[in-house]
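Me: I would like to go through this structure with you, one topic at a time. Could we begin with the charged pairs and then turn to the helix packing?

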Amino acid sequence: VKMEMERERLRGDLLRAVSHDLRTPLTGILGSVSTVIENYEVLPEEVKKEFLQGIYEDAEWLSNLVDNILSMTRFDEGRVLLKREKEAVEEMVAGAVSRIKKRSKQHEIMISIPDELIMISVDGTLIEQVLVNLLDNAIKHTPENTNIHLTVIREQNSMVFEVRDNGPGIPENDLPFIFNRFFTRRTLSRRGIGLGLAICKSIVEAHGGKISAMNSPSGGLILRFSLPFPPQRFFEKHL
């Protein structure tokens, strides 16, 4: 009974959060489309492009929200089966960066990964989603025209992925809650219902990994996760 009550509470929280956050982008899309349709012949081409860019960004955000909600639902219902295959770390990073660059051209993503080809047994689609969510979180809370750093290092028995932004960081007393559902940082973010980092935690832990957050001594927030990496089984080098 307690579990069912908790599920109902979470469903209610999710419905309220989603309803609130869907309204703004949908209103923006409808308003932009209506303006373009009604004034198509008189609007300059540059203005049309600006409207279309706004529509694209809102639609992209909605798509990411749906991905996170579906992932969260699958984890809650125990329907997530990891499709582990040997995946190249470089390709997962490149895929995530390519997706995130479509959402923000005002940030430079600085990438640092090992020179050697590293293959790791993971569900590539889910790990790429983790990277997208971490980068998206950094973009939301970092001023425009600043750098975001994505670093991958190989430790003894794990692969470590780290995303560091140049934002204001987060109060130390909020750090323990940053991966909780519906937790949102009170910084530059204009939208978000607090599901992205919670999904990251579920995916990483399903792979037997760990995820953490810390403030950088030089400013900004560091989000890092590690995945088990038995060298004898999953490591290959260029010959």
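**Salt bridges and helix packing**

Reply: Lys-48 is buried, with a relative accessible area of 8%. Please bear in mind that this is a predicted model.

Me: Which residue does Lys-48 meet in a salt bridge?

Reply: The side chain of Lys-48 forms a salt bridge with that of Glu-45, at 3.3 Å from N to O. Both residues belong to helix 2, which spans residues 45–76, and they are three residues apart, about one turn of the helix.

Me: And Glu-45, is that buried or exposed?

Reply: Glu-45 is exposed, its relative accessible area being 51%. The cut-off for exposed is over 50%. Lys-48, by contrast, is buried at 8%.

Me: How many salt bridges does the structure hold?

Reply: There are seven salt bridges in the structure. One of them joins Glu-128 and Arg-99, whose closest N and O atoms are 3.4 Å apart. Glu-128 is in helix 4 and Arg-99 in helix 3, so this pair ties together parts that are 29 residues apart in sequence.

Me: What is the accessibility of Glu-128, and of Arg-99?

Reply: Glu-128 is buried, with a relative accessible area of 18%. Arg-99 counts as partly exposed, at 27% relative accessibility.

Me: At what angle do helix 3 and helix 4 pack?

Reply: Helix 3, residues 89–101, packs against helix 4 at an angle of about 45 degrees, and their axes are 9 Å apart. That angle makes helix 3 oblique to helix 4. The crossing of these two helices is right-handed.

Me: Which residues of helix 3 and helix 4 meet there?

Reply: From helix 3 the contact involves Met-92, Val-93, Gly-95, Ala-96, Val-97, Arg-99 and Ile-100. On the helix 4 side, the residues are Gly-124, Ile-127, Glu-128, Leu-131, Val-132, Leu-135, Asp-136 and Ile-139. By class, the residues of this contact are ten nonpolar, two polar and three charged. Arg-99 and Glu-128, the salt-bridge pair, are both among the contact residues.

Me: Now the other neighbour. How do helix 4 and helix 5 pack?

Reply: Helix 4 and helix 5, the latter covering residues 196–206, pack at an angle of about 150 degrees, with axes 9 Å apart. The two are therefore roughly antiparallel to each other. Their crossing is left-handed.

Me: Which residues make that contact?

Reply: Helix 4 contributes Leu-126, Ile-127, Gln-129, Val-130, Asn-133, Leu-134 and Asn-137. Helix 5 contributes Gly-196, Leu-197, Ile-199, Cys-200, Ile-203 and Val-204. Nine of the residues in this contact are nonpolar, four are polar and none is charged.

Me: A change of topic: where is Ser-32, and is Ser-32 buried or exposed?

Reply: Ser-32 lies in helix 1. Ser-32 is buried, with a relative accessible area of 13%; the cut-off for buried is under 20%.

Me: What does Ser-32 touch?

Reply: Leaving aside residues up to four places away in sequence, Ser-32 touches Phe-51 and Ile-55.

Me: And Leu-30, how far is Leu-30 from Ile-55?

Reply: The C-alpha atoms of Leu-30 and Ile-55 are 8.6 Å apart in space, and the two residues are 25 apart in sequence. Leu-30 is placed in helix 1, which runs over residues 2–38. Leu-30 is exposed, at a relative accessible area of 63%, whereas Ser-32 is buried.

Me: One last item: what is the phi of Asn-145?

Reply: Phi of Asn-145 is near 65 degrees, a positive value in a residue other than glycine. Asn-145 sits in the loop between helix 4, residues 124–140, and strand 4, residues 147–154. Asn-145 counts as exposed, at 68% relative accessibility.

Methods
Residues are numbered from 1 along each chain as its sequence is written. This is a predicted model: local features need pLDDT of at least 70, side-chain atom pairs count only at pLDDT 80 or more; totals for chains, interfaces and linings use all residues. Side-chain values use heavy atoms; hydrogens and water are left out. Helices (H or I, at least four residues) and strands (E, at least two) are DSSP runs, numbered from the N terminus. Buried means under 20% relative accessible area, exposed over 50%, partly exposed in between (1.4 Å probe, protein chains only). Axes are lines fitted to C-alpha atoms, for helices over the stretch in contact, and angles run from 0 to 180 degrees between N-to-C directions. Angles under 35 degrees count as roughly parallel, over 145 as roughly antiparallel, 65 to 115 as roughly perpendicular and the rest as oblique. A crossing is left-handed if the near helix is turned anticlockwise from the far one by less than a right angle, and right-handed if clockwise. Contact means heavy atoms within 4.5 Å. Ala, Val, Leu, Ile, Met, Phe, Trp, Tyr, Cys and Pro count as nonpolar, Asp, Glu, Lys and Arg as charged, and the others, Gly among them, as polar. A salt bridge is a side-chain nitrogen of Lys or Arg within 4 Å of a carboxyl oxygen of Asp or Glu.
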